[in-house]
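Dear colleague,

I am passing the structure below on to you, together with a short account of what was found in it. Please read the notes alongside the coordinates.

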Amino acid sequence: TEAGTAYIAEIERVECPFNAPRGDIAACFEASVPKFYEDVAADGVLPEEAPRLTIAVTVLSNFIEVDDPDPIVMIAGGPGQGASQLLPAHGPALQLRRARSIVMIDQRGTGRSVPALTCDETSVLELDENRLNDPDLMPDTPTEERLAQCIADWREQGVDFNAFDTRAATRDLQAIRRGFGIRQW
């Protein structure tokens, strides 16, 4: 089997740092996953000294108990947005929960996951729009320069961007699913 495919995330329940939508209860968790899945042995064991990342997970339970819940997983598209940040905007999606839980995962590098690769020098509005859409959006320092500075700062802090790719995020989803003891998403 491919390295890391048998890993089971260690999951710990934590206090939610936000209020759930009215009339609902959210459960928050932190999942410990390998920074590099290549460090995981064929039997799924991660050496104690191997670096790990913390992935934030929010679970909204289903309303009807079923033996095989087959939950829905929500991840955000970014840039850098965590799924938990979408909770207030997903009221209509909660209708899906009659017999399914919703699991919102802040992918590595986003939202409440650690580290969160956010760039406070830029705004979401600025990244979603440009001068053609908003002529008043003319910052003194070009966005590219401010983003380049954030990247330089992260590198100085030892961030290895090779650990933040789609393959690793996919493996995180598998490891978290196994950590919760869920057969399939």
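Which residues does serine 101 touch, if those up to four places away in sequence are not counted? Please keep in mind that this is a predicted model. In it, serine 101 touches Leu60, Ser61 and Asn62, and also Pro71 and Ile72. Serine 101 itself lies in the loop that runs between strand E4 (72-74) and strand E5 (102-106), and it counts as buried because its relative accessibility, at 11%, falls under the 20% cut-off.

As for the chain as a whole, the protein chain has 3 helices and 5 strands, and their order along the sequence is β-β-β-β-β-α-α-α.

On the surface, a patch of negative charge is formed by Asp120, Glu121, Asp153 and Glu156. Of its members, glutamate 121 is placed in the loop between E5 and helix H1 (124-128). With a relative accessibility of 46%, which lies between the limits of 20% and 50%, glutamate 121 therefore counts as partly exposed, whereas serine 101 counts as buried.

With kind regards

Technical notes:
Residues are numbered from 1 along each chain as its sequence is written. This is a predicted model: local features need pLDDT of at least 70, side-chain atom pairs count only at pLDDT 80 or more; totals for chains, interfaces and linings use all residues. Side-chain values use heavy atoms; hydrogens and water are left out. Helices (H or I, at least four residues) and strands (E, at least two) are DSSP runs, numbered from the N terminus. Buried means under 20% relative accessible area, exposed over 50%, partly exposed in between (1.4 Å probe, protein chains only). Contact means heavy atoms within 4.5 Å. Patches are made of residues with over 30% relative accessible area and no salt bridge: like charges are joined within 9 Å, nonpolar side chains (Val, Leu, Ile, Met, Phe, Trp, Tyr) within 5 Å. Accessible areas come from the Shrake-Rupley method with a 1.4 Å probe; for residues, only the protein chains shown count as cover. A salt bridge is a side-chain nitrogen of Lys or Arg within 4 Å of a carboxyl oxygen of Asp or Glu. Lys and Arg count as positive and Asp and Glu as negative; His and the chain ends are not counted. The place of a charge is taken as NZ of Lys, CZ of Arg, CG of Asp or CD of Glu.
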